[in-house]
Amino acid sequence: MIVPMEMTCSYAPEGDHEDPADGPRIFDVRDLSVTFNGRSVLRGVNAMALDRQVLAIVGPSGSGKSTLLRTMNRTLELTLDARVTSGDIHFKGERLYGNGTDPRLVRKRICMVHQKPVAFPMSIGENVLFGVRFHKNWNGRTKDEIIRSCLDRVGLWNEVKDRLSDPASRLSVGQLQRLCIARALANDPEAILMDEPCSALDPVSTARIEELILAMKPQLPIVIVTHNLAQARRISDQSLFLYDGQSLEQDTTERIFTHPKNGRVRDFITGKVG
Ligand SMILES: Nc1ncnc2c1ncn2[C@@H]1O[C@H](COP(=O)(O)OP(=O)(O)OP(=O)(O)O)[C@@H](O)[C@H]1O
Ligand SMILES: [Mg+2]
């Protein structure tokens, strides 16, 4: 049984874990520490994400949310000064930081959607295919099949089917964010990480992304960093609270938002501190 704990982390690392009530842990972050230029940024973080669930990472600015997210698909180390100094992350029981692990394969299996959607300088259709070409990940699918199915999944097909050859830069920001998600889905990822995916979007586009997250959830575990506590409440099953590089509390979103155990979490959630 999962037992939330105060102050250190809610979830102590265990052996390969399966909770009959909640399903298996897909991500299991164990005592993870990270430095930038030798400065400690994450300190002994423990966290976990369950299959077919959304985990929201919340906490004050600078608490390490993006850093933690970027350790979860090994994109952090693309920043030269960043270093995982101890701990590990188990993904489906495999060590992401084990000696034999290929970081490029990790990035292919676990994709990232960023805060600011970026159109690659090519057509809408070619944007969808970008990662597939890069990883040679066709899996017997034709170009047209991939473009259509991925744009369909993000609700963009009808909006762009007559202009697939137009530059992606002509899309609205909301459409572009859905295109970025389609581009990620084209690689058939096993999990999706999202870093404030709605912060540049208007309320209507935000609602569409939230619907999309809920629609993807039965197939894919999703970890989302959000500043929007109402959004975390609406779409996540579990919430993790980070503070000053430490995981203070993780629990079901319902419990975190109604009965947080930690005083700092309570203050943050009730708006006492920002
Ligand atoms: N490339 C970098 N070099 C040095 N320090 C960095 C770098 N990126 C982040 N940091 C530092 O690491 C700490 C955590 O940053 P991080 O971006 O993970 O926080 P965050 O919780 O995502 O903040 P925000 O909510 O503002 O996005 C901060 O103190 C930040 O200044
Ligand atoms: Mg951030």
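R95 sits partly exposed, at a relative accessible area of 47% (buried is under 20%, exposed over 50%, partly exposed in between, with a 1.4 Å probe and protein chains only). Its salt-bridge partner, D88, is buried at 6%, and the two side chains meet at 2.6 Å, N to O. A salt bridge here is a side-chain nitrogen of Lys or Arg within 4 Å of a carboxyl oxygen of Asp or Glu. This is a predicted model, where local features need pLDDT of at least 70 and side-chain atom pairs count only at pLDDT 80 or more, while totals for chains, interfaces and linings use all residues. Residues are numbered from 1 along each chain as its sequence is written, and side-chain values use heavy atoms, leaving out hydrogens and water.

The structure holds 19 salt bridges. Among them, K92 pairs with E190 at 2.7 Å, N to O. K92 lies in the loop between β5 and β6, E190 in the loop between α6 and β8, 98 residues apart; helices (H or I, at least four residues) and strands (E, at least two) are DSSP runs. Both ends are partly exposed, K92 at 41% and E190 at 24%. Bridges with shared partners tie K92, E94, R109 and E190 into one network.

Methods: Chains lettered and ligands numbered in written order.
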